[in-house]
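Here is a short briefing to read alongside the model. Take a look at the fold first, and then at the aromatic side chains.

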Amino acid sequence: MELLFYLTAAVIWDFTTFRIPNYFILFGLILGALLLPFRGYGIQEVLLGCLCPAVFLYPLFCMGVLGAGDIKLFAVTGLFLGGLNIYLVAVSFAAGGVLSLFQMLSDRSLIPRLVCFYFYLLRCIHERKFMTYPSYSPQKEKNQIHFTAAVMIGYLMLCAWKECL
């Protein structure tokens with residue numbers, strides 16, 4: 001239940017400021033650490049839940065696809081969920097894909113964005129390295145979704161599948 005309230009606050013914060021401040025992440029880490037003895041997870045499971053998302057999502061941050069706050073948010077959820085956090089990451093990305101598709105359909109940018117992605121892939125293959133993903137629109141907000149909403153949807157879906165509230 002604590003994680004549900006925390007994620008709700010994160011979504012509100014993200015929608016109002018387009019970022020998740022470090023002190024909010026720190027609060028989540030402290031709260032998760034304090035509640036850890038009541039969760040019954042071992043240290044290995046907690047490390048798996050916290051560190052694996054950070055390690056595997058770091059390349060997406062380097063390409064400019066995912067924000068640092070979103071990755072740090074997954075570290076917080078790892079303290080609450082342990083190894084289940086890996087499922088949360090997967091379900092959150094699926095939810096994020098659906099939210100992105102709806103956004104692109106609503107602003108009629110699906111085809112131009114797919115073309116942009118195609119040329120990005122060609123450039124990466126040609127130069128044999130990943131680069132920062134180009135911005136489709138000069139307006140930052142039009143290029144992004146609030147990924148905390150996808151994390152919240154993912155968490156609710158995870159809870160429906162396995163009782164974790």
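The protein has 7 helices and 0 strands, where helices (H or I, at least four residues) and strands (E, at least two) are DSSP runs numbered from the N terminus. Read from the N terminus, the order of elements is α-α-α-α-α-α-α. This is a predicted model, in which local features need pLDDT of at least 70, side-chain atom pairs count only at pLDDT 80 or more, and totals for chains, interfaces and linings use all residues. Residues are numbered from 1 along each chain as its sequence is written, and side-chain values use heavy atoms, with hydrogens and water left out.

**Overall shape and packing**

- The C-alpha trace spans about 50 × 35 × 30 Å along its principal axes.
- Of the 165 residues, 38% count as buried (buried is under 20% relative accessible area, exposed over 50%, partly exposed in between, with a 1.4 Å probe and protein chains only).
- Among contacts (heavy atoms within 4.5 Å) with a separation of 6 or more, 71% are between residues 24 or more positions apart.

**Surface and charge**

- Carbon and sulfur atoms hold 71% of the accessible surface of about 10,000 Å², as computed by the Shrake-Rupley method with a 1.4 Å probe; for residues, only the protein chains shown count as cover.
- There are 11 positive and 8 negative side chains, and the centres of the two sets lie 9 Å apart.
- Lys and Arg count as positive and Asp and Glu as negative, without His and the chain ends; each charge is placed at NZ of Lys, CZ of Arg, CG of Asp or CD of Glu.

**Aromatic pairs**

- The whole structure contains 10 aromatic pairs (rings of Phe, Tyr and Trp, its six-membered ring, with centres within 6.5 Å; planes under 30 degrees apart are stacked, over 60 edge-to-face, the rest tilted).
- Trp-13 and Tyr-23 make an edge-to-face pair, with ring centres 5.7 Å apart and planes at 70°.
- This pair joins helix α1 (residues 2-17), which holds Trp-13, to helix α2 (residues 22-39), which holds Tyr-23, 10 residues apart.
- Trp-13 is partly exposed at 26% relative accessibility, whereas Tyr-23 is exposed at 57%.
- Trp-13 also forms a tilted pair with Phe-24, at 5.1 Å centre to centre and 45° between the planes.
- Phe-24 lies in helix α2, 11 residues from Trp-13, and is buried at 7% relative accessibility.
- Ring pairs gather Tyr-6, Trp-13, Tyr-23, Phe-24 and Phe-27 into a cluster.
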